[in-house]
Amino acid sequence: MNSNSLADKDKKFVWHPFDIFKNSPNILVERALGNKIYTTEGRILSDMVSSWWVNLHGHNHPHIVQAIQKQAETLSHVIFSGFSHEPAIHLAERLIAILPGKMDKIFFSDNGSTAVEVGLKMALQYWYNAGKQKTRILAFEGGYHGDTFGAMSLAGPEPFNQPFQNHLFEVVYLPFPDEQNISKTLEVLKREFNSGLVAALVYEPLIQGVGGMRLFNKALQEKILKLCRDNEVLLVADEVMTGFGRTGKLFASEHFTIKPDIICLSKGITGGFLPLGATAATKNIYEAFNSTDKRKIFLHGHSYTGNALSCAAANASLDLLLSDDCKRKIDMISQIQSQFLKKLEGNKKLEWFASIGTILTMSQRPEKSKGYFDSQSEDAYQYFLDKDLLLRPLGNALYLSPPYCTKEDELLHAQNVVLEYLEK
Ligand SMILES: Cc1ncc(COP(=O)(O)O)c(C=O)c1O
(Lines give C-alpha, C1' and ligand atoms only; values in the text may rest on other atoms or scores of the structure.)
Protein backbone atom coordinates (compact mmCIF):
# COMPACT_ATOMS: atom_id res chain seq x y z
CA MET A 1 0.00 0.00 0.00
CA ASN A 2 1.45 3.39 -0.91
CA SER A 3 1.96 6.04 1.74
CA ASN A 4 -0.80 8.30 0.45
CA SER A 5 -3.52 5.75 0.84
CA LEU A 6 -2.07 4.64 4.20
CA ALA A 7 -2.18 8.25 5.39
CA ASP A 8 -5.80 8.52 4.23
CA LYS A 9 -6.72 5.38 6.13
CA ASP A 10 -4.87 6.63 9.19
CA LYS A 11 -6.96 9.78 9.12
CA LYS A 12 -10.12 7.80 8.52
CA PHE A 13 -9.74 4.99 11.09
CA VAL A 14 -7.22 5.88 13.78
CA TRP A 15 -7.63 8.13 16.82
CA HIS A 16 -4.17 9.15 18.00
CA PRO A 17 -3.29 10.40 21.49
CA PHE A 18 -2.91 14.15 21.94
CA ASP A 19 -3.89 14.83 18.33
CA ILE A 20 -3.26 18.53 18.69
CA PHE A 21 -1.23 19.15 15.58
CA LYS A 22 -4.36 19.00 13.49
CA ASN A 23 -3.06 20.55 10.34
CA SER A 24 -0.21 18.19 9.72
CA PRO A 25 -0.95 14.53 8.96
CA ASN A 26 0.70 11.91 11.15
CA ILE A 27 4.15 10.92 9.97
CA LEU A 28 4.18 7.38 8.66
CA VAL A 29 7.11 5.35 9.91
CA GLU A 30 8.59 2.47 7.97
CA ARG A 31 11.29 1.41 10.40
CA ALA A 32 13.52 2.71 13.16
CA LEU A 33 17.05 1.89 14.24
CA GLY A 34 19.23 3.47 16.92
CA ASN A 35 17.99 7.00 17.40
CA LYS A 36 16.80 7.25 13.79
CA ILE A 37 13.22 7.01 12.57
CA TYR A 38 12.85 6.25 8.86
CA THR A 39 9.62 7.54 7.34
CA THR A 40 7.78 6.11 4.35
CA GLU A 41 8.57 9.33 2.53
CA GLY A 42 12.30 8.70 2.82
CA ARG A 43 12.99 11.16 5.63
CA ILE A 44 15.30 10.29 8.51
CA LEU A 45 14.40 11.87 11.85
CA SER A 46 16.53 11.83 14.99
CA ASP A 47 14.49 10.81 18.02
CA MET A 48 15.69 13.16 20.77
CA VAL A 49 12.87 12.34 23.20
CA SER A 50 13.31 8.56 23.14
CA SER A 51 9.73 8.24 21.82
CA TRP A 52 8.12 9.55 25.02
CA TRP A 53 11.10 8.43 27.14
CA VAL A 54 10.59 4.71 26.59
CA ASN A 55 13.48 4.04 24.28
CA LEU A 56 16.64 3.59 26.33
CA HIS A 57 19.17 2.06 23.98
CA GLY A 58 17.82 3.12 20.62
CA HIS A 59 15.12 1.60 18.45
CA ASN A 60 15.27 -2.08 17.54
CA HIS A 61 18.43 -2.90 19.47
CA PRO A 62 19.41 -6.39 18.20
CA HIS A 63 19.98 -7.78 21.70
CA ILE A 64 16.37 -7.02 22.69
CA VAL A 65 15.02 -8.13 19.29
CA GLN A 66 16.71 -11.51 19.73
CA ALA A 67 15.49 -11.90 23.32
CA ILE A 68 11.88 -11.31 22.25
CA GLN A 69 12.21 -13.65 19.26
CA LYS A 70 13.66 -16.40 21.45
CA GLN A 71 10.99 -15.94 24.11
CA ALA A 72 8.19 -16.00 21.51
CA GLU A 73 9.28 -19.50 20.46
CA THR A 74 8.38 -20.95 23.86
CA LEU A 75 5.95 -18.73 25.79
CA SER A 76 4.41 -15.39 24.89
CA HIS A 77 1.88 -15.01 27.62
CA VAL A 78 0.10 -17.00 30.26
CA ILE A 79 -2.31 -16.04 33.04
CA PHE A 80 -0.20 -14.68 35.91
CA SER A 81 -2.48 -15.52 38.80
CA GLY A 82 -1.60 -18.99 40.05
CA PHE A 83 1.04 -19.33 37.30
CA SER A 84 4.54 -17.95 36.87
CA HIS A 85 7.51 -18.19 34.53
CA GLU A 86 11.24 -17.70 34.34
CA PRO A 87 11.38 -14.28 32.54
CA ALA A 88 9.14 -12.63 35.17
CA ILE A 89 10.88 -14.29 38.13
CA HIS A 90 14.31 -13.42 36.77
CA LEU A 91 13.24 -9.81 36.12
CA ALA A 92 11.74 -9.38 39.60
CA GLU A 93 14.91 -10.71 41.21
CA ARG A 94 17.11 -8.41 39.13
CA LEU A 95 14.96 -5.33 39.78
CA ILE A 96 14.99 -5.94 43.52
CA ALA A 97 18.77 -6.19 43.40
CA ILE A 98 19.17 -2.75 41.81
CA LEU A 99 16.22 -0.73 43.15
CA PRO A 100 16.93 1.80 45.90
CA GLY A 101 15.60 1.11 49.39
CA LYS A 102 14.70 -2.32 50.62
CA MET A 103 12.31 -3.49 47.94
CA ASP A 104 11.05 -7.01 48.50
CA LYS A 105 8.40 -7.80 45.87
CA ILE A 106 7.54 -6.73 42.33
CA PHE A 107 3.92 -6.51 41.15
CA PHE A 108 3.61 -6.42 37.35
CA SER A 109 1.06 -4.48 35.32
CA ASP A 110 1.22 -3.02 31.84
CA ASN A 111 1.98 0.71 31.72
CA GLY A 112 2.99 3.71 33.80
CA SER A 113 -0.53 4.70 34.81
CA THR A 114 -1.32 1.20 36.05
CA ALA A 115 2.01 1.02 37.90
CA VAL A 116 0.94 4.18 39.75
CA GLU A 117 -2.63 2.95 40.36
CA VAL A 118 -1.17 -0.21 41.87
CA GLY A 119 1.16 1.82 44.10
CA LEU A 120 -1.68 4.03 45.23
CA LYS A 121 -3.97 1.08 45.98
CA MET A 122 -1.20 -0.74 47.85
CA ALA A 123 -0.63 2.32 50.04
CA LEU A 124 -4.33 2.81 50.80
CA GLN A 125 -5.03 -0.85 51.45
CA TYR A 126 -1.93 -1.13 53.65
CA TRP A 127 -3.62 1.14 56.20
CA TYR A 128 -7.05 -0.40 55.63
CA ASN A 129 -5.62 -3.85 56.41
CA ALA A 130 -3.99 -2.44 59.53
CA GLY A 131 -7.42 -1.18 60.64
CA LYS A 132 -6.27 2.45 60.54
CA GLN A 133 -8.34 5.29 59.19
CA LYS A 134 -5.60 6.76 56.98
CA THR A 135 -7.14 7.64 53.64
CA ARG A 136 -5.75 11.00 52.55
CA ILE A 137 -3.17 11.34 49.81
CA LEU A 138 -0.55 14.03 49.34
CA ALA A 139 0.94 15.00 45.97
CA PHE A 140 2.89 17.91 44.50
CA GLU A 141 1.23 20.60 42.44
CA GLY A 142 2.14 20.30 38.79
CA GLY A 143 2.81 16.56 38.98
CA TYR A 144 1.76 14.07 36.34
CA HIS A 145 1.20 10.38 37.06
CA GLY A 146 -0.83 9.11 34.11
CA ASP A 147 -4.24 9.24 32.49
CA THR A 148 -6.32 6.84 34.58
CA PHE A 149 -8.64 8.28 37.22
CA GLY A 150 -6.44 7.68 40.26
CA ALA A 151 -3.42 9.05 38.42
CA MET A 152 -5.44 12.06 37.20
CA SER A 153 -6.55 12.76 40.77
CA LEU A 154 -2.90 12.92 41.81
CA ALA A 155 -2.22 15.57 39.19
CA GLY A 156 -5.09 17.71 40.34
CA PRO A 157 -6.70 20.60 38.56
CA GLU A 158 -4.46 20.48 35.52
CA PRO A 159 -5.79 21.56 32.12
CA PHE A 160 -5.57 17.91 30.97
CA ASN A 161 -8.07 16.84 33.59
CA GLN A 162 -10.59 19.65 33.58
CA PRO A 163 -13.47 17.67 32.00
CA PHE A 164 -13.21 15.02 34.74
CA GLN A 165 -12.87 17.27 37.79
CA ASN A 166 -16.11 16.13 39.41
CA HIS A 167 -14.99 12.52 39.35
CA LEU A 168 -11.49 12.85 40.76
CA PHE A 169 -10.86 12.00 44.40
CA GLU A 170 -9.63 14.53 46.90
CA VAL A 171 -5.89 14.96 47.19
CA VAL A 172 -3.95 17.46 49.30
CA TYR A 173 -1.60 19.30 46.96
CA LEU A 174 1.73 20.56 48.21
CA PRO A 175 3.12 23.62 46.42
CA PHE A 176 6.09 22.85 44.19
CA PRO A 177 8.64 23.59 46.90
CA ASP A 178 10.98 26.56 46.77
CA GLU A 179 12.65 28.77 49.36
CA GLN A 180 9.73 31.23 49.24
CA ASN A 181 6.86 28.80 49.79
CA ILE A 182 8.48 26.12 51.96
CA SER A 183 7.18 27.52 55.23
CA LYS A 184 3.64 27.42 53.84
CA THR A 185 4.19 23.82 52.74
CA LEU A 186 5.49 22.88 56.16
CA GLU A 187 2.34 24.35 57.69
CA VAL A 188 0.13 22.30 55.37
CA LEU A 189 2.12 19.21 56.27
CA LYS A 190 1.86 19.88 59.98
CA ARG A 191 -1.91 20.29 59.71
CA GLU A 192 -2.22 17.09 57.68
CA PHE A 193 0.04 15.08 59.99
CA ASN A 194 -1.94 16.30 63.00
CA SER A 195 -5.13 14.95 61.41
CA GLY A 196 -3.54 11.48 61.50
CA LEU A 197 -5.41 10.70 58.29
CA VAL A 198 -2.64 10.80 55.70
CA ALA A 199 -1.88 7.48 54.01
CA ALA A 200 0.80 8.40 51.49
CA LEU A 201 2.73 10.95 49.48
CA VAL A 202 2.98 10.15 45.78
CA TYR A 203 5.86 12.01 44.14
CA GLU A 204 8.14 12.18 41.15
CA PRO A 205 11.67 12.19 42.60
CA LEU A 206 13.97 15.01 41.51
CA ILE A 207 12.11 16.12 38.37
CA GLN A 208 8.50 16.54 37.33
CA GLY A 209 7.94 15.15 33.85
CA VAL A 210 4.87 15.98 31.78
CA GLY A 211 3.93 18.70 34.29
CA GLY A 212 6.72 20.89 32.88
CA MET A 213 10.07 19.05 33.15
CA ARG A 214 10.89 21.07 36.30
CA LEU A 215 13.68 20.08 38.66
CA PHE A 216 12.85 19.91 42.34
CA ASN A 217 15.01 21.66 44.89
CA LYS A 218 16.49 18.38 46.09
CA ALA A 219 17.12 19.47 49.68
CA LEU A 220 13.54 20.71 50.05
CA GLN A 221 12.03 17.60 48.49
CA GLU A 222 14.17 15.46 50.79
CA LYS A 223 13.01 17.48 53.79
CA ILE A 224 9.38 16.79 52.86
CA LEU A 225 10.11 13.08 52.37
CA LYS A 226 11.75 12.93 55.79
CA LEU A 227 8.81 14.63 57.50
CA CYS A 228 6.44 12.17 55.84
CA ARG A 229 8.56 9.22 56.94
CA ASP A 230 8.72 10.57 60.52
CA ASN A 231 4.93 10.95 60.55
CA GLU A 232 4.01 7.49 59.28
CA VAL A 233 3.09 8.60 55.77
CA LEU A 234 4.05 6.06 53.12
CA LEU A 235 6.30 7.23 50.30
CA VAL A 236 5.27 6.21 46.80
CA ALA A 237 7.95 7.21 44.28
CA ASP A 238 6.74 7.49 40.70
CA GLU A 239 9.90 6.61 38.77
CA VAL A 240 8.02 5.93 35.54
CA MET A 241 9.91 8.72 33.80
CA THR A 242 13.06 8.95 35.93
CA GLY A 243 13.86 5.24 36.15
CA PHE A 244 16.55 3.32 34.30
CA GLY A 245 19.35 5.85 34.12
CA ARG A 246 17.59 9.01 32.95
CA THR A 247 18.82 11.17 35.84
CA GLY A 248 22.39 9.87 35.70
CA LYS A 249 21.80 7.24 38.39
CA LEU A 250 19.83 4.06 37.76
CA PHE A 251 16.88 5.48 39.73
CA ALA A 252 16.23 9.05 40.86
CA SER A 253 15.49 7.87 44.41
CA GLU A 254 19.19 7.04 44.68
CA HIS A 255 19.86 10.79 44.87
CA PHE A 256 18.00 10.88 48.22
CA THR A 257 18.80 9.42 51.61
CA ILE A 258 15.11 8.87 52.37
CA LYS A 259 14.05 5.88 50.27
CA PRO A 260 10.49 5.08 49.18
CA ASP A 261 8.20 2.33 50.47
CA ILE A 262 6.78 1.75 47.00
CA ILE A 263 8.33 2.46 43.56
CA CYS A 264 6.37 2.67 40.30
CA LEU A 265 8.18 1.79 37.07
CA SER A 266 7.39 1.55 33.36
CA LYS A 267 8.50 3.41 30.20
CA GLY A 268 12.21 2.51 29.84
CA ILE A 269 11.77 -0.85 31.55
CA THR A 270 11.59 -2.83 28.27
CA GLY A 271 13.94 -0.48 26.41
CA GLY A 272 10.94 0.86 24.49
CA PHE A 273 9.89 -2.45 22.93
CA LEU A 274 6.77 -3.65 24.74
CA PRO A 275 4.37 -2.31 27.37
CA LEU A 276 5.15 -3.25 30.96
CA GLY A 277 4.50 -1.70 34.36
CA ALA A 278 6.10 -2.78 37.63
CA THR A 279 5.41 -1.67 41.18
CA ALA A 280 7.97 -2.55 43.82
CA ALA A 281 7.09 -2.77 47.51
CA THR A 282 9.06 -3.26 50.71
CA LYS A 283 8.56 -6.31 52.92
CA ASN A 284 6.62 -4.17 55.37
CA ILE A 285 4.06 -3.32 52.66
CA TYR A 286 3.87 -6.86 51.29
CA GLU A 287 3.40 -8.42 54.71
CA ALA A 288 0.24 -6.33 55.27
CA PHE A 289 -1.35 -8.27 52.38
CA ASN A 290 0.07 -11.67 53.27
CA SER A 291 -3.13 -13.03 54.74
CA THR A 292 -5.47 -15.99 54.49
CA ASP A 293 -8.34 -13.52 54.82
CA LYS A 294 -9.45 -12.88 51.22
CA ARG A 295 -10.51 -9.33 52.05
CA LYS A 296 -6.93 -8.47 52.90
CA ILE A 297 -5.17 -9.76 49.80
CA PHE A 298 -4.44 -7.46 46.85
CA LEU A 299 -7.44 -7.97 44.58
CA HIS A 300 -5.90 -6.43 41.50
CA GLY A 301 -4.70 -7.95 38.23
CA HIS A 302 -4.50 -6.97 34.57
CA SER A 303 -4.96 -9.45 31.72
CA TYR A 304 -1.40 -8.89 30.50
CA THR A 305 0.21 -8.83 33.95
CA GLY A 306 3.66 -10.41 33.82
CA ASN A 307 3.61 -10.79 30.05
CA ALA A 308 6.50 -13.11 29.19
CA LEU A 309 7.56 -11.25 26.03
CA SER A 310 7.65 -7.92 27.90
CA CYS A 311 9.63 -9.49 30.74
CA ALA A 312 12.12 -11.00 28.27
CA ALA A 313 12.53 -7.59 26.64
CA ALA A 314 13.04 -6.00 30.07
CA ASN A 315 15.69 -8.56 31.00
CA ALA A 316 17.52 -7.90 27.74
CA SER A 317 17.25 -4.15 28.26
CA LEU A 318 18.69 -4.59 31.77
CA ASP A 319 21.63 -6.56 30.32
CA LEU A 320 22.45 -3.52 28.21
CA LEU A 321 21.69 -0.93 30.89
CA LEU A 322 23.94 -2.56 33.48
CA SER A 323 26.93 -2.86 31.11
CA ASP A 324 29.98 -0.60 31.50
CA ASP A 325 29.43 0.54 27.94
CA CYS A 326 25.97 1.92 28.76
CA LYS A 327 27.23 3.61 31.89
CA ARG A 328 29.88 5.34 29.79
CA LYS A 329 27.23 6.46 27.30
CA ILE A 330 24.99 7.83 30.06
CA ASP A 331 27.95 9.70 31.58
CA MET A 332 28.94 11.13 28.20
CA ILE A 333 25.40 12.35 27.42
CA SER A 334 25.04 13.78 30.95
CA GLN A 335 28.27 15.70 30.56
CA ILE A 336 27.33 17.15 27.18
CA GLN A 337 23.92 18.19 28.47
CA SER A 338 25.39 19.95 31.48
CA GLN A 339 28.11 21.67 29.39
CA PHE A 340 25.41 23.08 27.13
CA LEU A 341 23.92 25.09 30.01
CA LYS A 342 26.69 27.68 29.61
CA LYS A 343 25.38 28.46 26.13
CA LEU A 344 21.92 29.15 27.53
CA GLU A 345 23.09 31.64 30.12
CA GLY A 346 21.50 35.04 29.64
CA ASN A 347 19.07 33.80 26.98
CA LYS A 348 16.15 36.21 27.13
CA LYS A 349 13.65 33.71 25.74
CA LEU A 350 14.12 31.39 28.70
CA GLU A 351 12.63 31.58 32.18
CA TRP A 352 14.95 28.88 33.45
CA PHE A 353 17.07 25.97 32.23
CA ALA A 354 18.73 22.96 33.85
CA SER A 355 20.08 19.51 33.24
CA ILE A 356 19.94 16.36 35.30
CA GLY A 357 21.71 13.28 34.00
CA THR A 358 20.73 12.68 30.38
CA ILE A 359 17.88 15.22 30.46
CA LEU A 360 18.29 18.81 29.32
CA THR A 361 15.28 20.97 30.12
CA MET A 362 14.32 24.62 29.74
CA SER A 363 11.21 26.72 29.93
CA GLN A 364 10.43 29.38 27.37
CA ARG A 365 8.82 32.55 28.60
CA PRO A 366 5.12 32.12 27.93
CA GLU A 367 3.78 34.53 25.34
CA LYS A 368 0.32 34.68 26.78
CA SER A 369 0.80 32.48 29.80
CA LYS A 370 -1.30 29.62 28.49
CA GLY A 371 0.86 26.91 30.03
CA TYR A 372 0.36 23.55 28.37
CA PHE A 373 -1.89 25.07 25.72
CA ASP A 374 0.65 27.66 24.70
CA SER A 375 0.95 27.58 20.91
CA GLN A 376 4.73 27.92 21.23
CA SER A 377 4.92 24.18 21.64
CA GLU A 378 3.28 23.57 18.26
CA ASP A 379 5.57 26.06 16.54
CA ALA A 380 8.62 24.55 18.21
CA TYR A 381 7.55 20.98 17.37
CA GLN A 382 7.21 21.92 13.70
CA TYR A 383 10.46 23.90 13.68
CA PHE A 384 12.43 20.90 14.93
CA LEU A 385 10.66 18.46 12.61
CA ASP A 386 11.60 20.65 9.66
CA LYS A 387 15.21 20.19 10.85
CA ASP A 388 14.69 16.40 11.04
CA LEU A 389 14.63 16.31 14.83
CA LEU A 390 11.87 14.75 16.91
CA LEU A 391 11.46 16.99 19.95
CA ARG A 392 8.09 17.26 21.62
CA PRO A 393 7.84 20.37 23.75
CA LEU A 394 5.38 20.27 26.64
CA GLY A 395 3.73 23.67 26.68
CA ASN A 396 6.56 26.09 27.39
CA ALA A 397 8.96 23.33 28.36
CA LEU A 398 11.54 22.28 25.82
CA TYR A 399 13.67 19.26 26.58
CA LEU A 400 16.08 16.73 25.14
CA SER A 401 16.01 13.21 26.52
CA PRO A 402 17.81 11.12 23.90
CA PRO A 403 18.32 7.35 23.76
CA TYR A 404 21.64 6.32 25.28
CA CYS A 405 23.00 5.21 21.89
CA THR A 406 23.10 8.87 20.80
CA LYS A 407 26.57 9.91 19.71
CA GLU A 408 28.32 13.05 20.88
CA ASP A 409 28.10 14.81 17.50
CA GLU A 410 24.39 13.95 17.16
CA LEU A 411 23.60 15.44 20.55
CA LEU A 412 25.72 18.52 19.89
CA HIS A 413 23.86 18.99 16.62
CA ALA A 414 20.46 18.75 18.35
CA GLN A 415 21.59 21.23 21.00
CA ASN A 416 22.73 23.66 18.32
CA VAL A 417 19.35 23.45 16.59
CA VAL A 418 17.74 24.27 19.96
CA LEU A 419 20.02 27.32 20.18
CA GLU A 420 19.08 28.37 16.64
CA TYR A 421 15.41 28.03 17.54
CA LEU A 422 15.85 30.18 20.65
CA GLU A 423 17.76 32.79 18.69
CA LYS A 424 15.37 33.02 15.75
C1 LIG B 1 6.00 10.29 35.97
C2 LIG B 1 4.99 9.56 35.12
N3 LIG B 1 4.13 8.72 35.72
C4 LIG B 1 3.22 8.02 35.00
C5 LIG B 1 3.11 8.17 33.64
C6 LIG B 1 2.08 7.41 32.88
O7 LIG B 1 2.68 6.43 32.09
P8 LIG B 1 1.88 5.77 30.87
O9 LIG B 1 1.81 6.82 29.82
O10 LIG B 1 2.70 4.60 30.47
O11 LIG B 1 0.54 5.38 31.38
C12 LIG B 1 3.97 9.04 32.99
C13 LIG B 1 3.87 9.25 31.54
O14 LIG B 1 4.40 10.17 30.96
C15 LIG B 1 4.94 9.76 33.75
O16 LIG B 1 5.80 10.62 33.17
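Arg 136 and Glu 192 pair up in a salt bridge, with 2.8 Å between the closest N and O atoms. That pair joins distant parts of the chain, since Arg 136 sits in strand E5 (residues 136–140) and Glu 192 in helix H7 (residues 182–195), 56 residues apart. Keep in mind that this is a predicted model.

**Salt bridges**
- Glu 192 also meets Arg 191 in a salt bridge, at 3.1 Å from N to O.
- Arg 136, Glu 170, Arg 191 and Glu 192 are linked in a salt-bridge network.
- Glu 192 is buried at 3% relative accessibility, while Arg 136 comes out as partly exposed at 25%.
- Searching the whole structure turns up 13 salt bridges.
- Another one of these joins the side chains of Lys 36 and Glu 410, at 2.9 Å from N to O.
- Lys 36 is in strand E2 (residues 36–39) and Glu 410 in helix H13 (residues 408–423), so this pair ties together parts 374 residues apart in sequence.
- Lys 36 counts as buried at 18% relative accessibility, whereas Glu 410 is partly exposed at 22%.

**Second largest pocket**
- The second largest pocket holds about 800 Å³ of space.
- It has 28 lining residues, and Phe 80, Ile 106, Phe 107, Phe 298 and His 300 are the closest to its centre.
- Strand E4 gives the most to this lining, with 4 residues.
- By type, the lining splits into 17 nonpolar, 10 polar and 1 charged.

**Around Asn 60**
- Asn 60 is in the loop between helix H2 (50–53) and helix H3 (62–74), and is partly exposed at 44% relative accessible area.
- Beyond its neighbours within four places in sequence, Asn 60 contacts Ala 32, Leu 33, Val 65 and Phe 273.
- The C-alpha atoms of Asn 60 and Gly 272 are 8.7 Å apart, though 212 residues separate them along the chain.

Note on methods. Residues are numbered from 1 along each chain as its sequence is written. This is a predicted model: local features need pLDDT of at least 70, side-chain atom pairs count only at pLDDT 80 or more; totals for chains, interfaces and linings use all residues. Side-chain values use heavy atoms; hydrogens and water are left out. On a 1 Å grid over the protein atoms alone, a cavity is a set of points where a 1.4 Å probe fits but cannot get out, and a pocket is an open set with protein on both sides within 12 Å along at least five of seven lines; lining residues have an atom within 4 Å of a point. Grid points are joined across faces, edges and corners, and a volume is the space filled by probe spheres set on the points. Helices (H or I, at least four residues) and strands (E, at least two) are DSSP runs, numbered from the N terminus. Ala, Val, Leu, Ile, Met, Phe, Trp, Tyr, Cys and Pro count as nonpolar, Asp, Glu, Lys and Arg as charged, and the others, Gly among them, as polar. Buried means under 20% relative accessible area, exposed over 50%, partly exposed in between (1.4 Å probe, protein chains only). Contact means heavy atoms within 4.5 Å. A salt bridge is a side-chain nitrogen of Lys or Arg within 4 Å of a carboxyl oxygen of Asp or Glu.
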